[in-house]
Structure formats: structure tokens, C-alpha cells
Amino acid sequence: MIDDILAQLTESVVLAQQQAALDLTRQALAAGLEPLTIIDKGLTPGMRIVGDKFACGDYFIPHLVLAGRTMKGAMALLVPELRRRRETASRAGTAVIGTVKGDIHEIGKSLVGIMLTASGFEVHDLGVDVPVEAFVSKVKETGANLVGLSALLTTTMVVQRRVIEALEHAGLRQQVHVIVGGAPVKAAWAEEIGADGYAEDANGAVDLARRLIGG
Amino acid sequence: MRPELRLLSDDLVTRILDEGFQLLIDPGIRIHNAEALDLLAAAGAEIDRVTQIASIPERIARQALATAPHAFDLYDLDGRPVVHYGGDRVHFDPGSAAISLLDSDGRTQRPPQTADFVRFVQLVERLPAIDAQSTALVCADVVEEIGDLYRLYLALNFMRKPIITGAFRKDTWWTMKDMLSAVAGGDEALAQRPTAVFDVCPSPPLLWSDLTCQNLIDCARARIPAELVSMPLAGATAPVTLAGAVVQHTAESLSGVIIGQLARPGSPIVWGGSPAVFDMRHGTTPMGDVGTWMIDLAYVQIGKTLGLPTHAYLGMSDAKIVDAQAGLESAGGTILAALAGVNMVSGAGMLDFESCQSFEKLVIDAEIIGMAKRLIGGLEAREDPIALTLMRQLRHQADYLGQEHTLRWFREEFYLPSDVIDRGSSDAWASRGSPTAFERAQARVDQLLAEYRPPALSDELKAELRRLTTSAAQHFGMHELPPLPKISGE
């Protein structure tokens with residue numbers, strides 16, 4: 001019966017059934033399952049399947065977005081439970097991401113957030129038009145080891161450099177890997193501003209993040 | 001008869017317009033610009049100063065549509081009206097603001113430099129199919145803050161055709177206006193005979209940023225034409241249905257017309273755009289997609305219904321090199337744009353999602369444009385009777401090559417391509433070294449640039465343009481501008 005709930009929970013993520021995922025998460029908690037078990041054996045496998053389906057072309061970006069939202073909803077029920085047990089979910093890493101000040105392009109950055117979440121990262125998405133200081137203070141607060149900076153305009157790309165400088169100034173640069181992205185951003189630019197890497201798309205960003213954190 | 005293309009039924013036009021007007025009221029338009037909010041408040045719109053949302057009743061929109069001009073001309077620098085925005089007239093300009101240039105190796109993208117953009121302007125001058133210049137490349141060898149005005153500065157030194165441009169900041173717009181005014185002989189002369197159009201872009205969904213809204217207001221006050229470039233991204237920042245994306249485009253564009261007309265009634269405004277479908281696999285914005293074209297054609301039809309001049313970004317490709325994909329995507333968009341009667345079609349030369357320009361693609365696209373213009377020239381009888389007299393005269397002889405009639409009409413009836421299009425025998429092609437389309441295009445680029453002669457610009461005017469640009473550069477910490485390239489014949 002317990003395995004049944006977890007299997008159904010996995011399926012609810014794969015099919016992006018947001019209400020079902022909430023109901024099943026509540027059921028699982030009521031049945032005495034540990035929140036970490038629910039995450040590791042119920043939700044995460046679902047996101048992994050979604051990622052695989054996307055990689056092989058079965059699924060498209062809207063599937064990712066809605067599955068990510070489904071997982072996020074369930075996590076909102078589980079995080080207070082984890083906190084009560086003084087536990088944290090095991091993570092591939094902790095990421096702070098956002099689109100830099102002056103730029104309101106959201107999609108690419110959000111996709112990176114979803115894909116990182118799907119790969120087991122704890123993601124703090126600061127949104128768009130994010131001031132330089134907000135990145136710095138969030139890294140301090142969360143102890144993040146990854147920072148993702150998005151810029152879609154040639155005029156806002158320069159802010160990526162400023163965030164890196166601010167991280168250096170705050171003595172946090174050694175703690176984090178900084179990855180950059182966005183339509184005008186290329187590898188040469190990443191190198192010029194002292195970022196640790198650049199990726200062309202969300203999948204590339206996840207590969208890059210894993211490579212950096214693993215290495 | 002001029003062939004025409006209409007995608008929307010009358011009923012759908014009515015429904016799209018109706019929903020567009022309703023969106024202006026609820027949820028309203030977000031406007032991050034105090035001056036625009038003041039104008040709207042004075043006109044009777046309901047303004048929430050905290051959220052900066054304006055709820056605009058249809059009455060205000062109708063009033064704006066009543067004062068917006070249905071047509072205007074753009075002038076070249078010799079004072080001739082060479083571009084007519086209005087009706088079904090069709091013109092083409094290169095895709096603008098590319099941040100990279102396809103190198104002559106045909107494979108590598110690199111940041112454009114001053115000399116590249118100057119060559120680009122010269123090439124556009126030499127291509128008869130291209131009706132207007134655009135500030136097509138963002139030069140990487142000047143500070144970013146003058147990226148917009150520096151392009152205009154370079155272009156004004158080497159062009160005669162009118163130009164489609166845009167500002168990246170609020171303050172740089174004024175420098176750009178001063179340059180245009182200097183060339184035109186004053187603000188009033190510029191307003192009477194505009195030589196430039198400024199693109200102003202709302203942000204999807206339903207938002208005007210401070211910068212672009214101010215550009216729109218400043219253009220209106222100076223009576224410089226503004227081109228609304230609404231860019232719904234179907235499925236991501238706009239409804240996924242193509243009609244839904246057009247509804248959003250309608251509301252955003254109506255709000256632009258309103259702001260411009262409130263700033264100055266009668267100021268010239270263009271119903272333009274750069275929508276796209278969202279690629280659901282790659283998260284990109286394909287400009288060569290058939291869905292993108294359909295949104296373009298549909299909003300152009302809406303603009304024509306409202307009696308406004310129109311513009312669209314069409315004829316571009318998302319290919320990374322000048323290959324078969326580049327050809328097929330560019331041809332599709334260009335021919336459809338011509339059939340739809342888009343007044344200004346921006347896009348020639350552009351690759352890689354509006355980010356990369358190519359000299360070679362530009363000359364190939366000029367051939368597509370030539371064919372598209374021929375197509376909308378239509379099929380005419382030419383003579384009456386059409387052929388009866390001639391054919392009775394020749395009876396069963398195949399001697400049409402030797403007829404006056406053929407000499408009289410063949411240049412008008414046929415489109416005559418340049419050597420970019422290979423129509424020789426395969427032996428002839430092989431004997432020339434079997435050149436690819438890209439290589440043939442390269443040869444044509446070289447040939448056209450060799451023929452370029454710079455316009456006669458007075459030394460005082462050149463100095464004034466340089467003074468304006470240098471002063472802006474210095475304001476942003478760049479002491480000296482790169483030197484202007486020397487042109488043979490100068």
C-alpha cells in the first residue's frame with residue numbers, strides 16, 4: 001500500500017497532476033512515511049522520468065514546467081515536516097539563480113531552475129531584474145555553491161560581470177561556481193568576465209552545473 | 001490585379017479587435033513611465049499609481065485611432081519620398097541590431113566592428129531591392145551605452161536611403177534625434193520630411209518599460225515616426241493559440257497608438273511587430289517558423305483594418321550558416337510578407353533568431369525580395385488584345401526572340417536575377433570552379449562594394465555628427481571614437 005502511494009506520487013509528477021500530488025503527499029505523511037522517503041522515492045523519480053522523456057523528445061517544455069510546478073507544490077507540504085525533524089533533503093547542490101538587473105526576460109532562467117530542481121539541486125530563483133546585492137545576500141543566506149546569471153540583452157550582459165565582482169568583494173567567490181547564460185552570452189564572454197562556465201540551453205546548464213560541482 | 005493574402009475571416013478580425021479593446025480595460029496595461037500615466041490620466045483612463053496599471057476605456061483608443069495618420073512618407077537624404085508607409089505598398093530593410101556577424105568564412109560568428117557596419121551600410125546602398133537602411137549591427141568596439149547612436153552616426157556618414165533605427169536608452173534618443181536633425185536641416189525639416197523611423201517595443205505581456213515608452217513619447221512630440229514592435233511569444237509570454245497571440249499583439253499595439261497620439265495627436269505611428277511561436281523543445285524563438293509567419297500576417301491584417309501603416313519582421317532564418325534552411329525560411333517569410341502588403345519588412349540578412357547578420361545572406365535575400373516584388377507586381381494583360389494579333393502574325397513560327405514585342409516587355413515581365421542565382425549550364429558552372437551560392441554571394445558582395453561611392457557630405461556636417469557622437473561617448477567614459485574607415489573614391 002505504501003509502495004502504491006509512492007508509485008502513484010511518481011506518476012502524478014510525470015503526468016503533472018498537481019492536485020493528486022498534493023493529496024498523495026498528504027496520504028503518504030498520514031501513513032507514517034518519512035518526508036525524505038517521499039521525496040527520494042516518490043517525487044524525485046517522477047522528475048527524473050520527466051527529464052528522460054524530455055531528453056528523448058516525448059515531452060516538451062510545458063511538460064517540464066508543469067511537472068516542476070507539481071513537485072514544488074508537494075515540496076511545500078514536505079519542507080515544514082523536514083524542518084520539524086531538523087532534516088534536510090540530500091542535494092546535488094544549492095543554486096541561486098536570477099535574471100540580472102535591468103533585464104526582465106524570465107523563460108530561459110526559469111527553465112534552468114526547473115531542470116536544476118529536477119536534477120536534485122535546491123534552487124533559489126530570485127526572479128527577474130535582480131539587483132547585484134540580492135545575489136550576494138542570497139548566497140550568504142543559503143550557503144549556495146552555484147550561482148546562475150541570466151541576461152538576454154547586450155546592455156544587461158555587463159551586469160553579470162558586476163555580480164561576479166560583488167561576490168569577490170564579499171569574499172564569496174571561492175565558495176560558488178558562477179554560470180552564465182542568455183541569448184547574447186557566449187563562451188568567450190563567460191571567460192572574459194571570469195565566470196566558471198556558460199551553457200547554451202537549460203540541459204546544457206544542468207550538465208555544466210553537475211560537472212562543476214562534481215569536479 | 002495585385003495578388004493578396006488574408007488569413008483572418010471578417011468575423012475573426014472583429015473578435016480579435018474586440019478582445020484587444022477589452023484587455024486595455026481589464027487587466028489594463030502596465031506602464032512604467034510617469035509621463036505616459038499622466039497623459040492617460042488626463043485623458044480619463046483609470047490609473048493605479050502603485051501597480052502602474054492603466055485601465056483604458058475604448059473611447060480613448062477610438063479617439064487615438066481617429067487622429068493617427070493612415071500614411072506617411074520616408075525621405076532619403078536627397079529629400080525624395082522613397083518609402084511610402086500606408087496602403088499595400090511593400091518595402092524591405094535589413095534585420096536590425098545584430099550582435100554578431102557571420103564571418104566571410106561562412107561558419108564563424110564574430111562581434112561586429114566599426115568597419116563591418118560601414119561596409120554593411122555601403123552594401124545596402126548598392127542593393128536596389130533593399131529600400132531602406134537599418135541600424136543592422138551593434139558595434140563591439142565602442143562602449144555599450146552608445147551602441148545605438150553610434151550605429152546611426154556611422155550610417156549617416158555613408159547612406160542616402162532612409163533608415164529604420166531605435167534607441168537603447170532614454171538619453172541617447174536625444175543625441176540620435178540631434179544627428180537626424182543636423183542632417184535634415186533642423187527639427188522642423190526633419191518632422192516635415194522624416195528620414196528615420198524609431199522602433200519602440202512593448203514587453204510581453206501588456207507592459208511598457210520606462211525606456212521604450214519614453215522613446216515613443218519623444219518620437220511623437222518630435223513628429224518622428226515610431227514603429228510599434230509588439231512581440232508576443234506564443235506559448236510562453238502570450239497565449240499559445242496563434243489568434244490568442246494576435247489578441248495580445250492588438251492590445252499592446254493599441255496601447256502604443258494611444259500613448260503616441262496622446263503625446264501628440266497626428267504623430268506618425270506604425271503597427272509593427274516581431275512575434276514568434278515558442279519552440280517547445282529548445283526554448284527558442286524561431287523567426288522562420290510557419291506559425292510565426294501566421295501571427296505576423298494576422299496582426300498586419302488587423303493593422304490594415306484599423307487603417308494604419310504596417311511593419312513586420314519577416315524573411316529571416318534561424319539557421320546558423322547560409323544554407324538550405326536559410327534559403328527556404330527567408331523565401332517563405334519574404335514572399336508571404338509581400339503578398340500581405342506589409343509596408344516595411346525588416347529581416348533581410350538575418351540568421352540565428354534575429355542575432356546574426358550576414359553580407360552574403362543579404363545579397364541572396366535581395367534576390368528573394370526581387371522575386372517577391374515581381375510577384376506582387378501582378379500579372380497584367382499588357383496589351384489588348386493580349387496576344388491575338390501577335391500570334392496571328394507569327395502563325396506557327398517560334399520566332400518570338402526576334403520580335404519587338406519581346407524586347408518591349410521581357411524586362412518588365414520577367415525577374416532578372418544577378419549572378420547569385422545560378423542559371424547557367426552545369427558545364428559552365430563547373431568551369432567557374434563550381435561555386436556554391438555562398439561563394440557566388442561573396443563575389444557579388446565584393447563587386448557591389450567596389451562600386452560604392454560615398455555621398456557628398458559637407459565637412460561641417462561630418463564634424464557636427466562626430467562632435468555629437470564623441471560628446472556622448474565621453475559622457476560614458478570613452479575618450480575617443482574609432483576612426484571612420486577610408487573609402488576609395490573619397
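Two strands are taken to pair if DSSP finds at least two bridges between them. In this predicted model, strand 4 (residues 72-75) and strand 5 (residues 81-85) of chain B run antiparallel and are joined by 4 bridges. Within this pairing, Y75(B) of chain B stands opposite P81(B) in strand 5. The hairpin formed by strand 4 and strand 5 of chain B has 5 residues between the strands, and G79(B) takes a positive phi near 85° there.

Chain B also contains an open sheet of 3 strands, arranged in the order 6-18-17 with parallel pairing. Strand 6 (91-94) and strand 17 (311-313) of chain B each have a single partner strand and stand at the edges, so one side of each is left without a neighbour in the sheet. On average, neighbouring strands of this sheet are turned by 25° against each other, direction ignored. Strand 6 of chain B pairs in the parallel sense with strand 18 (residues 344-348) of chain B over 4 bridges, and P94(B) stands opposite A348(B) in strand 18. Helix 12 (residues 359-377) of chain B packs on the sheet, where it touches strand 6 and strand 18 of chain B. The direction of helix 12 makes about 145° with that of strand 18 of chain B.

Between the chains, 14 residues of chain A are in contact with 12 residues of chain B. On the chain A side, helix 4 (61-84), helix 5 (107-118) and helix 7 (154-169) are the elements that give two or more residues. By class, this side of chain A has 10 nonpolar, 3 polar and 1 charged residues.

Definitions and conventions: Residues are numbered from 1 along each chain as its sequence is written. Chains are lettered from A and ligands numbered from 1 in the order in which they are written. This is a predicted model: local features need pLDDT of at least 70, side-chain atom pairs count only at pLDDT 80 or more; totals for chains, interfaces and linings use all residues. Two residues are in contact if their C-beta atoms, placed from the backbone, lie within 7 Å. Ala, Val, Leu, Ile, Met, Phe, Trp, Tyr, Cys and Pro count as nonpolar, Asp, Glu, Lys and Arg as charged, and the others, Gly among them, as polar. Axes are lines fitted to C-alpha atoms, for helices over the stretch in contact, and angles run from 0 to 180 degrees between N-to-C directions.
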